[in-house]
Amino acid sequence: MSPAQTVPHTVLGLETSCDETAAAVVRLDGETVEVLSSVVGSQIAEHAPYGGVVPEIAARAHVESIDAIAAAALKEAGLGYGDLTGVAATAGPGLVGGVMVGLSFGKAVALARGLPLVAVNHLEGHAVSARLGAHLPYPFLLLLVSGGHCQLLAVDGVGACRRLGSTIDDAAGEAFDKIAKTLGLPYPGGPALEKLAEGGDPERFPLPRMLLGRKDCDFSFSGLKTAAARIAEGLESEADRRDLAAAVQEAIARQLAEKSDRAMQAYAAGHPGEGLRFVVAGGVAANRAVRARLQAAAATRGFSFAAPPLAYCTDNAAMIALAGAERLALGMTDPLDAAARPRWPLDATAAAANPTHVPGRKGAKA
Ligand code: KG4
Ligand code: ZN
C-alpha cells in the first residue's frame with residue numbers, strides 16, 4: 001500500500017519511548033513531506049551518571065517536559081492545536097513507563113480536540129525516517145540499526161514489513177555503547193567511539209568475524225564485545241585506545257554490510273525488474289564508517305542508497321508524525337484505549353516463528 005491521499009495531513013508527533021522527549025509537526029500532502037518543526041529534549045545529562053538509561057528517571061523526565069516540548073513544536077511550526085488534522089504518538093516498543101507518558105498526552109490532545117489518534121510503532125517511525133529528507137517511494141529494503149534494534153526488513157508499504165534478519169544477541173548500537181564503556185567513554189558511547197576512532201588503525205587489533213559461515217541475515221555482536229573488552233584491559237596509551245576504537249567500528253560496519261549484502265541478494269531475487277532501494281535508519285546510521293560500507297555494498301548490488309538526515313537518525317518525533325500521517329492518509333487510526341506496548345515487533349509473524357528478541361537495555365529488540 002502506498003500513501004496515495006488527496007488532502008494534506010498536518011500531524012503532531014510525540015516520541016517518549018526511551019531517553020528523548022520529542023514532539024514535531026509534519027505535513028504530508030500527496031507524496032510531499034514537510035517537517036514544520038522538530039523539537040528533541042535529551043535526557044542524556046540525567047542518565048549519564050548511571051552509564052545508561054534508567055527507566056524510572058526517564059519516565060519522570062518525560063512527564064516533566066512533554067507539555068513544554070509539545071508547545072515548543074507547535075510554536076516552531078507557527079500553528080495551534082486547531083490547525084492539526086491528527087495526533088500520532090509512539091505506543092511501543094520501548095520503556096513502557098515513558099511510552100505511556102507520550103501516548104496518554106496524545107490521547108488527551110485527540111480527545112480534547114476531536115482529532116484522530118494514530119498509535120505508532122517506534123520502529124515504523126525509523127522505517128519512514130529516510131522519507132523525511134528525500135523522495136523515497138515504497139518498496140525498499142531497510143537496515144534498522146539503533147540502540148535497541150538491529151534488523152533487516154523488506155518494507156512493502158505503510159505498515160507492511162517482512163523481517164529478513166535480526167540480531168541474536170545485542171543490537172549494533174548497544175554493542176557500540178557497551179564497548180565504548182570498556183574504553184572509558186561517556187554514554188551514549190556510539191558517537192564518542194566514532195570520534196575516538198578518527199585516525200586510528202583498524203587493522204592493528206584483529207577481532208572475530210561473527211556468524212560469517214551462516215547463510216542467513218542474522219547478526220551477532222556478543223563475541224566482538226567480549227574480545228574488545230579483553231583487549232581493552234591491556235591498553236596503555238591513547239593511541240592504543242584509538243586503534244581499538246577504529247577496529248571495533250570497522251568490525252561492526254563490516255558485519256552490517258556483509259549481512260545487508262546477503263539480504264540484498266535475496267531481496268533482488270524477489271523483485272525482478274524493479275528499482276531496487278536500500279535504506280539504513282536508526283541511531284547507528286549516523287556513523288560515517290557504517291554509512292560508507294553500506295553505500296558501497298548497495299552500489300555493488302545495483303541498489304540505490306538512502307539514509308535519513310543526521311537529525312532524524314537518532315530518536316525524534318518527526319518520524320513518528322510522518323508514520324502517523326501516512327497511516328492517517330489510508331484511514332488507519334486507533335481507538336483512544338490503544339495500549340502502550342513494551343514489545344511490538346514490526347513483523348509479528350516472523351517474530352512469533354523465530355523469537356530472536358531478548359530484553360535489552362532499551363526494551364525488546366525485535
Ligand atoms: O535510534 P536511537 O536514537 O535509539 C533507539 O531507538 O535505540 O539510537 C541510539 C543508538 C545508541 O546506541 C547510540 O550509541 C547509537 O545509536 N549511535 C551511534 C552514533 N550515533 C548514535 N553509534 C555509532 N556511531 C554514531 N555516530
Ligand atoms: Zn529509536
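Mentor: Let's start with the largest cavity: helix H8 (residues 238–270) gives the largest share of its lining, 4 residues. Helices are DSSP runs of H or I with at least four residues and strands are E runs of at least two, numbered from the N terminus. This is a predicted model, where local features need pLDDT of at least 70, side-chain atom pairs count only at pLDDT 80 or more, and totals for chains, interfaces and linings use all residues. Residues are numbered from 1 along each chain as its sequence is written, and side-chain values use heavy atoms, without hydrogens and water.

Trainee: Which residues line the largest cavity?

Mentor: Pro208, Arg209, Met210, Leu224, Ala251, Arg254, Gln255 and Glu258. About 60 Å³ of space lies in this cavity. On a 1 Å grid over the protein atoms alone, a cavity is a set of points where a 1.4 Å probe fits but cannot get out, a pocket is an open set with protein on both sides within 12 Å along at least five of seven lines, and lining residues have an atom within 4 Å of a point.

Trainee: How many cavities of 30 Å³ or more are there?

Mentor: The structure holds 2 of that volume. The domain bounds come from an automatic or database domain assignment.

Trainee: Which helix gives the most to the lining of the largest pocket?

Mentor: H6, with 4 residues. H6 spans 189–197, and H4 (122–128) and H5 (172–182) also supply at least two residues each.

Trainee: And where does the largest pocket lie relative to the domains?

Mentor: Between domain 1 and domain 2, because both give residues to its lining.

Trainee: Back to H5: what angle does it make with H7?

Mentor: H5 and H7 (residues 222–233) pack at about 15 degrees, with their axes 9 Å apart. That makes H5 roughly parallel to H7, a label for angles under 35 degrees.

Note on methods: Chains are lettered from A and ligands numbered from 1 in the order in which they are written. Axes are lines fitted to C-alpha atoms, for helices over the stretch in contact, and angles run from 0 to 180 degrees between N-to-C directions. Angles under 35 degrees count as roughly parallel, over 145 as roughly antiparallel, 65 to 115 as roughly perpendicular and the rest as oblique. Grid points are joined across faces, edges and corners, and a volume is the space filled by probe spheres set on the points.
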